[in-house]
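Subject: Model for you to look at

Hello,

Here is the structure I promised. Please open it beside this email. My notes follow.

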Amino acid sequence: PRPSHFSPGDEDFQENHERQKHKGKRRNGDRPKNKRENQRRKRSSNSEPETSEESEDEEEVNNDGEVRPELLSPEELEKLKEAVDEKKKLIQSLRGKPWPMKQKLVTLRESQLFVEKYEGALGKGKGRKLYAYKVMMTKKWKKFQRDFENFKTACIPWEMKIKEIESHFGSSVASYFIFLRWMYGINMILFGLTFGLVMVPEALMGRPYGSIPRKTVPRAEEAGAMDFAVLWDFGGYAQYSVLFYGYYNNQRAIGWFKFRMPLSYFLVGVGTVAYSYMVVIRTMARNANESGVGDDNSFNFSWKMFTSWDYLIGNPETADNKFASITTSFKEAILEEQESRKDDNIHLTRFLRVLANFLVLCCLAGSGYLIYFVVRRSQKFALDGLENHTWWERNEVNMVMSLLGMFCPMLFDVISALENYHPRVALQWQLGRIFALFLGNLYTFIIALMDAINLKRKEEKVVKYNITMWEASLYNGTGSENSTAPPVTIHPADVPRGPCWETMVGQEFVRLIISDTMTTYITLLIGDFLRAVLVRFLNHCWCWDLEAGFPSYSEFDVSGNVLGLIFNQGMIWMGAFYAPCLPALNLLRLHVSMYLQCWAVMCCNVPQERVFKASGSNNFYMAMLLVILFLSTLPAIYTIVTIPPSFDCGPFSGKNRMFDVIQETLESDFPAWFSKVFSYASNPGLVLPFILLMVLAIYYLQSTSKSYREANVELKNKLQMVTQRLDNFVFLTSYGSDFILNA
């Protein structure tokens, strides 16, 4: 039986084609083409009859699979083209047909065979080669597009891992890993800039180690420069390397390439921050556009019921993940519907929320006082000499900040149970509280660094005076009037040097990143893995149910992990100018975190009891990242603009301010008119009106987008009203007469 899409025109065309084919077969079989063909037939007539019958069958098979367009009339060729086009359209629209799957598969095979069989006939004969060429190129282009899309999907890192996590734990947990992957891409660019334009040129074209004092370990530190404890604190040979600011020379051009090292260092530091601003704002704008498309609330359960399954899945593991994903999405939708219809005691809810906020403020105040107390102790230790104190006293500030960042979010999570918010709103409140905690800790740390910088600058003045006296005594002791002795050569390790406060700042940020990373991984192994092992293997012999009661399996802390990522990135932006190795360390940390946390989530964690749908745009994460980016660049800009650089270390030594390298480059490498134009363009009288104009333009665009958004909402409401009226009209016209007759 033919499928329901088979048209009578196709049947007539095939019957006419069969008649023309058999006529052509008889004509070609009866008429010999030349004398050689006649002789061949005479010789073959004397052979055995079985062989002749087999050859005739083979010729008939070959003739059946071949279409002779020269035997078709123009009308039949037009019908053939129309039939091929109809089959192509049917193949494209077959997925939307309300047919059973078996009928769709049969129709698809028949249509594809029809197109492959008869489409080639249109390209044979005179004047039809161009059509065949177009058809062939169209097929190849579609295949290339399909393969390229598959290639792009395959190139997305960790896509299958994130899909698997989303299918079991919901979109809220998957949003963290998507955010982590996005941060990994940002740090790849930052690492490429610092590594390719700062670290590699200095290592290859700059002066080697031991050539000048800033690139040599002092004589007093050589004995322990390779000790593990020293290297773990990034001292010794690690301090006098391309990892930190103080190693770089202030030579204006280095190597045969005449690479402008100070200019490159400054522009890379500014460019990384500018690129980060651009990417964050661009991502927020794209997410806002994507979140404003479509209406997810209309017929939500119907869409999920009838359109969730993917019929192209052929892998059992993928099918299991898809089943778990559909189940989780239904849980999310049911929770959304329940939260929208919830009606609680408003007075009790308000009291509990006020109490929760009071407890959170007490925790924040206690955390701030503890950090202030520890910072004051660390300043006393610094005045006494850190080598006279234990490892804990030397690293007390970093460890206290890491421990507060580990335990305070757990306390906030317990307090948030009093508020009875929607899970998404509760997550945002949790993120805001941890944000305030981390921000207070970070700026307390910065204040401590500013005090340490002031101490280093005071020490630098004393060292500068002592170096001047040392040089004078050295000259007076060796340079008398009648002396002909050769000049005294002093090894760079024996030359006195001043304290490099930039390297000290970079070391503090590197230590903070390392200590925070180690704390995170230890917490993951102890708090998740060992807890899961304890619950799994001791549950059958314990006094109570460990899975249902205490300690149970842990849930994945989305808010704490997101804030940890954001503030680590803030420390990278803040300290990368003084430690070019920070983007590389953060890249390694993110790479390890992706695999370790994916393993911990799938093996040690359980889905949340209240699975909720995360925001489709994740702009809340991006907004916090933008705030941290702004707050992280303020201290770096302050130190660059106001504090003079050290006199004997770094690429800007010998200058009054770090940004003087721009003016020096304009005066030396550009014509005079260009530097004059740049000075006019940087005049505050032009910069301030330009900034004011930008603010006004942003306000105008925001007001316009707000009006468009309101107009879209109004049009959507009108469309819903029209649709409801049409449904009522159809219902009344269909069943109104029956109601009247029954009445």
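Which residues does Asn-249 touch, not counting residues up to four places away in sequence? They are Glu-202, Arg-207, Ile-212, Arg-214, Lys-215, Gly-650 and Pro-651. Contact here means heavy atoms within 4.5 Å.

Before the rest, the ground rules. This is a predicted model, where local features need pLDDT of at least 70, side-chain atom pairs count only at pLDDT 80 or more, and totals for chains, interfaces and linings use all residues. Residues are numbered from 1 along each chain as its sequence is written, and side-chain values use heavy atoms, with hydrogens and water left out.

Back to Asn-249. It sits in the loop between helix 9 (228–232) and helix 10 (261–291). Helices are DSSP runs of H or I with at least four residues, strands are runs of E with at least two, and both are numbered from the N terminus. Asn-249 has a relative accessible area of 8%, so it counts as buried (under 20%; exposed is over 50%, partly exposed in between; 1.4 Å probe, protein chains only).

The whole chain

The protein chain has 23 helices and two strands. Of its 743 residues, 36% count as buried. The chain exposes about 45800 Å², and carbon and sulfur atoms supply 62% of that (Shrake-Rupley method, 1.4 Å probe). Among contacts with a separation of 6 or more, 78% join residues 24 or more positions apart.

The unreviewed UniProt entry marks "transmembrane region" at 182–205, 262–281, 354–375, 396–418, 430–450, 620–641 and 677–701. Positions follow the numbering used here, feature names are shortened, and such annotations may be inferred rather than shown by experiment. I have figures for two of these spans. Residues 354–375 are 100% helix and 0% strand, with end C-alpha atoms 32 Å apart. Residues 396–418 are 91% helix and 0% strand, with end C-alpha atoms 34 Å apart.

Two packed helices are described by the angle between their axes and the distance between the axes. Axes are lines fitted to C-alpha atoms, for helices over the stretch in contact, and angles run from 0 to 180 degrees between N-to-C directions.

Helix 7 (residues 159–169) packs on helix 19 (residues 582–604) at about 30 degrees, with the axes 11 Å apart. The two are therefore roughly parallel (under 35 degrees; over 145 is roughly antiparallel). Lys-161, Glu-164, Ile-165, His-168 and Phe-169 of helix 7 meet Tyr-595, Cys-598, Val-601 and Met-602 of helix 19.

Helix 7 also meets helix 8 (residues 171–205), with axes that come within 7 Å and cross at roughly 160 degrees. That makes this pair roughly antiparallel. On the helix 7 side, the contact includes Glu-159, Ile-162 and Glu-166; on the helix 8 side, it includes Phe-177, Ile-178 and Arg-181.

Trp-158 lies in the loop between helix 6 (129–155) and helix 7. Its relative accessible area is 11%, so Trp-158 is buried. Leaving aside neighbours within four places in sequence, Trp-158 contacts Arg-181, Tyr-184, His-591, Met-594 and Tyr-595. Trp-158 and Tyr-595 are 437 residues apart in sequence, yet 9.1 Å apart in space, C-alpha to C-alpha.

One more pair

The axes of helix 17 (residues 501–538) and helix 18 (residues 558–575) come within 10 Å and cross at roughly 165 degrees. These helices are therefore roughly antiparallel. Phe-509, Leu-512, Ile-513 and Asp-516 of helix 17 meet Asn-568, Met-571, Ile-572, Met-574 and Gly-575 of helix 18.

Best wishes

Key
Angles under 35 degrees count as roughly parallel, over 145 as roughly antiparallel, 65 to 115 as roughly perpendicular and the rest as oblique.
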